[in-house]
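Open your viewer, get your selection tool ready, and follow along one stop at a time.

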Amino acid sequence: MDTLLNILLQAETKGVAIGHFNFSDFLMLKAIFEAARDLRVPVVVGASEGERKFIGVHQAAAMVRSFREQFDFPIFLNADHTHSLPGAMEAAEAGFDWIVFDASALPFEENVRQTKAAVQVLKSLRPEILVEGEIGDIGTGSEIHDVAPDLQRGLTTPAEARQFVEETEVDTLAPAVGNMHGMLKSMIAGTAKKRLDIERIRAIKKEARGFMTLHGASGTDDGDLREAITAGITTVHINTEARVAWRRGLDGALAKQPNQVVPYKLLPPVIDSIKQVVAARLALFSQGRRARSAS
Ligand code: G3H
Ligand code: ZN
C-alpha cells in the first residue's frame, strides 16, 4: 500500500485533495470508511485530543488499523490539534500516521520553537510520521457557534508561512486563509457559506512550497473549495458537517423507532446520514483540475 506521503504527492500532482474527517465514535469511522471505499479514494480520519480522550488513543489506532488491514485500503489516522508534546508522542507511539502539532495560540516565535522541537522528537520516534504545524487564528471548536470570530486579525502571511516551514521543517502547514472551525447557525441552515481568500492561499503556496491543509472547512462554499485546491491545498478537514449529520441521523432514528433498544437495528440510519455528507465532500475534493475548471 502507498505511504501517506506518496498519497499526498500524488494528490498534488493530480490537483485533487485528500479528505480528512474527524471521528468521535465507531459509527462515524465506519461511515467515513464506507464512503471512501465506495468512491475508491484514500482518506484520512482524525481524532483531536477530546476525541482521543473519548475513544481511547490505542482504541482509535486499532480500529483504523483494522479497516486498513482487512480491506487493504488507504485509510490513515491523524492526531488532530495536539497541543502538548507528551500527547503527540503518545499518539505517535500508538501508531498514528500524522500529528497536527498545534501551538498556533502562542506568539509566532514560540510557536516556531515548540513546533520545531516537536518535529525533531516525533521524527526520532517514527521517521515516517508526518507532522503538521499551524499558524494564524481560525477559532476553536467543531460545533455550532452563535457568532464568528474576527478572522481578519489572525490571517497567515506568505512571509511568515515561509519562515515557519523553513525553520520548523514541518511536512504540512495549516494556514489561516478565511477558514474557521465550526459552523454558524446560518451555515447549518444553508443561508450562509464560509468564503476563502484564494489569492492568499496561492501566495502562501508560492512562498512556503510544502503541502497545505485547510482546516475548518465545514460550511465552505463549494466553488471556493475547488479554487483552494487549485491554488495549493492538498488536504481538507471536515468535522462539524459530519457531527451535524450524526446528530440528525440519530434524532431521526430515535423518533422513528421510539421503542427500539437494539443498537444494530436503530443506528444504521446514523451511518447513512454521515456517509452522505462525507461522500459529497470526497467527490468534490477528488474532482481534479480539469473537472474543476469546467464546473
Ligand atoms: O481539524 C478539524 C477541522 O479543522 C474541522 O473543522 O469543524 O469546521 O469542519 P470544521
Ligand atoms: Zn482543525
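This is a predicted model: local features need pLDDT of at least 70, side-chain atom pairs count only at pLDDT 80 or more; totals for chains, interfaces and linings use all residues.

**Stop 1: strand β1**

Select residues 18-22, which make up β1. Are the residues of this strand buried or exposed? Five of the five are buried, so β1 is largely enclosed by the rest of the structure. Now show the side chains. In a regular strand they alternate between the two faces of the sheet. Here Ile-18, His-20 and Asn-22 point one way, while Gly-19 and Phe-21 point the other way.

β1 and β2 pair in the parallel sense, over four bridges; for one of them, look at Phe-21, whose bridge partner in β2 is Val-45. To follow the chain from β1 to β2, trace it through α2: this β-α-β crossover is right-handed.

**Stop 2: strand β10**

Select residues 233-238 to bring up β10. Six of its six residues are buried, so β10 too is largely enclosed by the rest of the structure. Which strands pair with it? β1 does, in the parallel sense over four bridges, and β9 (residues 211-214) does as well, in the parallel sense over three bridges.

Zoom in on Thr-235. It is the bridge partner of Ile-18 and also of Thr-213. Then find Val-236, the bridge partner of Gly-19. Finally, colour β9, α10 and β10 together: they make a right-handed β-α-β unit.

**Stop 3: helix α13**

Select residues 268-285, helix α13. How far apart should the ends of its 18 residues be? At 1.5 Å a residue the helix should span 26 Å, and its end C-alpha atoms are 26 Å apart, which agrees.

Now highlight some of the buried residues of α13, including Val-270, Ile-271, Ile-274, Val-277, Val-278 and Leu-282. An α-helix has 3.6 residues a turn, so residues three or four places apart point the same way. What covers the buried residues of α13? Among the elements you can show are β1, α2 (26-39), α10 (222-231), β10 and α11 (240-256).

**Stop 4: ligand 1**

Centre the view on ligand 1, which 15 residues surround. The closest are Ser-142, His-215, Ser-218, His-237 and Asn-239. Two elements, β3 (75-82) and β10, each give two or more residues to this shell.

**Stop 5: Met-89**

Select Met-89 in helix α5 (residues 85-94). Met-89 has 18 C-beta neighbours inside 10 Å, so it counts as partly exposed. Leaving aside residues up to four places away in sequence, Met-89 touches Val-121 and Leu-125. Now draw a distance from Met-89 to Lys-123: their C-alpha atoms are 10.0 Å apart in space, although the two are 34 residues apart in sequence.

**Stop 6**

Most residues other than glycine have a negative phi. Arg-40 is exposed, with 10 other C-beta atoms within 10 Å.

End at Asp-72, in the loop between α4 (57-71) and β3. The phi of Asp-72 is also positive, near 45°. With 8 C-beta neighbours inside 10 Å, Asp-72 counts as exposed.

Notes:
Residues are numbered from 1 along each chain as its sequence is written. Chains are lettered from A and ligands numbered from 1 in the order in which they are written. The expected span of a helix is 1.5 Å times one less than its number of residues. A residue is buried if 20 or more other C-beta atoms lie within 10 Å of its own, exposed if 12 or fewer, and partly exposed in between; C-beta atoms are placed from the backbone. Two residues are in contact if their C-beta atoms, placed from the backbone, lie within 7 Å. A residue is near a molecule or strand if its C-beta atom, placed from the backbone, lies within 6 Å of it. Two strands pair if DSSP finds at least two bridges between them. A crossover is right-handed if, with the strands pointing away from the viewer, the path from the first strand over the helix to the second runs clockwise.
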